[in-house]
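Welcome to the tour; please have your viewer ready and your selection tool at hand.

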Amino acid sequence: MLVAAAVVAAAPDPVVVDDDATVALIALAGTLAVAGGGPLAALVFDLVDRREAAGETMREAGHVLRGGAWIGGLERIAVYAAIVASWPEGLAIVLGVKSLARYPELRTPGTAERFIIGTFVSVLWAAGCAGVVLLVR
């Protein structure tokens with residue numbers, strides 16, 4: 001939540017939070033963005049692994065992409081904060097840093113696919129949570 005607060009504070013056009021209900025909505029949706037994205041990504045990976053005949057390449061990719069749960073949580077809070085703060089450049093920074101940091105690991109078979117699936121699920125979930133805030137605000 002500290003990252004979200006920092007992004008909101010650094011946004012070019014400050015986010016106006018004028019009542020307790022808005023603060024509660026932002027905090028609740030941010031928490032849901034982080035906490036809900038992990039189980040959703042795991043569900044999608046289970047579906048992908050079931051459709052894979054051998055399934056071994058996807059499991060191996062999970063071992064290669066260590067720290068994925070932590071990185072995913074950080075990614076979701078950063079994406080959520082950037083959208084709520086109306087700072088689209090933040091999305092580019094988050095996705096660029098993640099892609100560059102993971103680039104060397106993406107050569108292992110099945111890893112690139114798992115990286116893309118996990119990133120899309122994570123970003124779409126966080127964007128959906130942020131969208132709720134923007135619609136209600």
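Begin by selecting α5 and α6, which are roughly antiparallel to each other (the word applies to angles over 145 degrees). Helix α5 covers residues 88-102, and the two pack at an angle of about 160 degrees with their axes 12 Å apart. Axes here are lines fitted to C-alpha atoms over the stretch in contact, and angles run from 0 to 180 degrees between N-to-C directions. The crossing of α5 and α6 is right-handed, that is, the near helix is turned clockwise from the far one by less than a right angle.

Next, show side chains at this pair: L95, K98, S99 and R102 in α5 meet F115, T119 and V123 in α6. Contact means heavy atoms within 4.5 Å. By class, this contact has three nonpolar, two polar and two charged residues. Nonpolar covers Ala, Val, Leu, Ile, Met, Phe, Trp, Tyr, Cys and Pro, charged covers Asp, Glu, Lys and Arg, and the others, Gly among them, are polar.

A word on the model: it is predicted, with local features needing pLDDT of at least 70 and side-chain atom pairs pLDDT 80 or more, while totals for chains, interfaces and linings use all residues. Residues are numbered from 1 along each chain as its sequence is written, and side-chain values use heavy atoms, leaving out hydrogens and water.

The α4 side of the contact includes R76, V79 and I83, and the α6 side includes T119, V123 and A127. By class, there are twelve nonpolar, three polar and two charged residues. This crossing is right-handed too.

Now click on A127, in helix α6 (residues 111-136). Beyond neighbours within four places in sequence, A127 is in contact with V79 and I83.

Finally, zoom out and color by secondary structure. The protein chain has six helices and zero strands, these being DSSP runs (helices H or I, at least four residues; strands E, at least two) numbered from the N terminus. Of its 137 residues, 36% are buried.

Note on methods
Buried < 20%, exposed > 50% of the residue type's maximum accessible area, 1.4 Å probe, protein only. Parallel < 35°, antiparallel > 145°, perpendicular 65-115°, else oblique.
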